[in-house]
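Have a look at the sequence and coordinates before reading on.

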Amino acid sequence: MSRGTSGSEFRLVLTKLNEVQEKLDKSDQSALANSLSEINDSLRIIEGNHTDFSDAAFQTLQRLQTTIESGFKAMEERIVAMEGRVARSAVEEGSSEPLTPPSSSRKRKISRHPDLSHYIRSKMEQLGLVWNTDKKENEPPNQAVLTTVLKEVKEVEQIKNDSLCSERRILDAIIQNYASNKKRRRQLDNGTYEQYQKEQKMRQRIKRKLDKRLKSATDEEKNDRLYESLHLSLVSSDESDGEEETLVIRPLTWRNEEVSNFFKRLDNRYKLSMSSQQRRQCVNRRVGEPSQRNNSEVPEKLLWAITV
């Protein structure tokens with residue numbers, strides 16, 4: 001109950017008692033009227049004390065709220081100011097300590113921003129900038145690339161209007177771009193890039209297949225134990241067989257029949273919900289040889305979904 005509501009209800013009671021007292025004064029119940037008058041006086045004293053206490057408590061809470069809000073605001077301003085000073089000092093020409101992330105990108109997971117990654121790639125392509133992956137990201141000539149990309153991306157209208165895109169976050173995304181290019185170069189050098197790309201595509205297909213099944217499940221099915229089996233480790237892989245727009249399904253022979261039937265039911269339901277355009281764009285699939293993948297990635301809580 002709010003402070004105003006409590007006071008209003010209290011005064012309403014006093015008003016009603018006054019009305020009753022006036023009626024008693026006009027009757028022959030004078031003794032009762034006098035008693036009621038004394039009660040009214042006591043209640044008025046209580047009302048006054050109640051109001052004083054409520055006002056004092058309300059004012060204290062207001063001061064406390066103001067103090068907390070001011071503290072948080074001051075803290076946010078200090079963080080923003082510190083980030084700005086660190087970024088500015090690091091991108092200045094001739095800086096002896098080029099800017100690097102607070103910790104190595106290998107040691108901490110950078111929160112990715114899809115638009116940032118897109119604009120960084122676009123700006124580097126437009127300006128013809130490339131990383132020298134034989135050097136560190138904070139060494140020449142990479143430091144010049146970092147400085148230019150940071151400046152250009154900060155000027156993009158969509159980035160300027162995005163409160164999430166602080167200088168630190170933009171810088172993290174640029175460092176991530178460098179790390180991705182270095183990893184790709186290393187894979188190309190040792191001949192594993194093609195295999196890496198193949199595995200990436202396979203993982204993406206498994207993820208898309210899982211997403212479609214999750215969307216196709218009914219509310220009733222979501223409360224069933226079978227719904228828990230919608231896990232990446234239990235989804236079969238689709239591999240290209242070299243033919244255009246054709247994929248080979250590699251069945252998981254160790255997945256139990258109940259789960260497999262549940263997945264088929266979800267797949268059929270999703271196909272029925274597809275538009276004619278989606279059906280035309282759908283990739284052809286055929287069942288091939290069983291997958292060589294084992295069940296070691298299946299979590300312990302889902303061991304019931306595999307055949308012993």
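The points below go from the overall picture to individual residues.

1. Ground rules. This is a predicted model, where local features need pLDDT of at least 70, side-chain atom pairs count only at pLDDT 80 or more, and totals for chains, interfaces and linings use all residues. Numbering starts from 1 along each chain as its sequence is written, and side-chain values use heavy atoms, with hydrogens and water left out.

2. Overall layout. The protein chain has 10 helices and 3 strands, taken as DSSP runs (H or I, at least four residues, for helices; E, at least two, for strands) numbered from the N terminus. Along the sequence the order is α-α-α-α-α-α-α-α-β-β-α-α-β.

3. The chain exposes about 21,600 Å², and carbon and sulfur atoms supply 50% of that; areas come from the Shrake-Rupley method with a 1.4 Å probe, and for residues only the protein chains shown count as cover. For contacts (heavy atoms within 4.5 Å), residues 24 or more positions apart account for 68% of those with a separation of 6 or more.

4. A greasy patch. L61, L64, I68 and F72 make a nonpolar surface patch of about 420 Å². Patch members need over 30% relative accessible area and no salt bridge, with like charges joined within 9 Å and nonpolar side chains (Val, Leu, Ile, Met, Phe, Trp, Tyr) within 5 Å; a salt bridge here is a side-chain nitrogen of Lys or Arg within 4 Å of a carboxyl oxygen of Asp or Glu. L61 sits in helix 2 (residues 30–91) and is exposed at 56% relative accessible area. As a reminder, an α-helix has 3.6 residues a turn, so residues three or four places apart point the same way.

5. Helix 6. Residues 167–189 give this helix 23 residues and a reach of 33 Å from first C-alpha to last, close to the 33 Å expected at 1.5 Å a residue (the expected span is 1.5 Å times one less than the number of residues). Its buried residues include I170, L171, I174, I175 and Y178. Just after helix 6, G191 takes a positive phi of about 75°.

6. Aromatic pairs. How many turn up in the whole structure? The search finds 2, where rings of Phe, Tyr and Trp (its six-membered ring) pair if their centres lie within 6.5 Å, and planes under 30 degrees apart count as stacked, over 60 as edge-to-face and the rest as tilted. W131 and Y178 are edge-to-face, 5.3 Å centre to centre with 75° between the planes. That pair links distant parts of the chain, 47 residues apart: W131 is in the loop between helix 3 (114–127) and helix 4 (142–154), Y178 in helix 6. W131 is buried at 11% relative accessibility, and Y178 is buried at 4%. The ring centres of F262 and F263 are 6.2 Å apart with planes at 45°, so this pair is tilted; F262 and F263 are both buried.

7. Around I206 and S236. I206 lies in helix 7 (residues 193–216) and is buried at 10% relative accessibility. Leaving out residues up to four places away in sequence, I206 touches L232, V235, S236, S237 and R293. I206 and L232 are 26 residues apart in sequence but 7.0 Å apart C-alpha to C-alpha. S236 is in the loop between helix 8 (219–222) and strand 1 (237–240), yet it counts as buried at 5%.

Key: Buried < 20%, exposed > 50% of the residue type's maximum accessible area, 1.4 Å probe, protein only.
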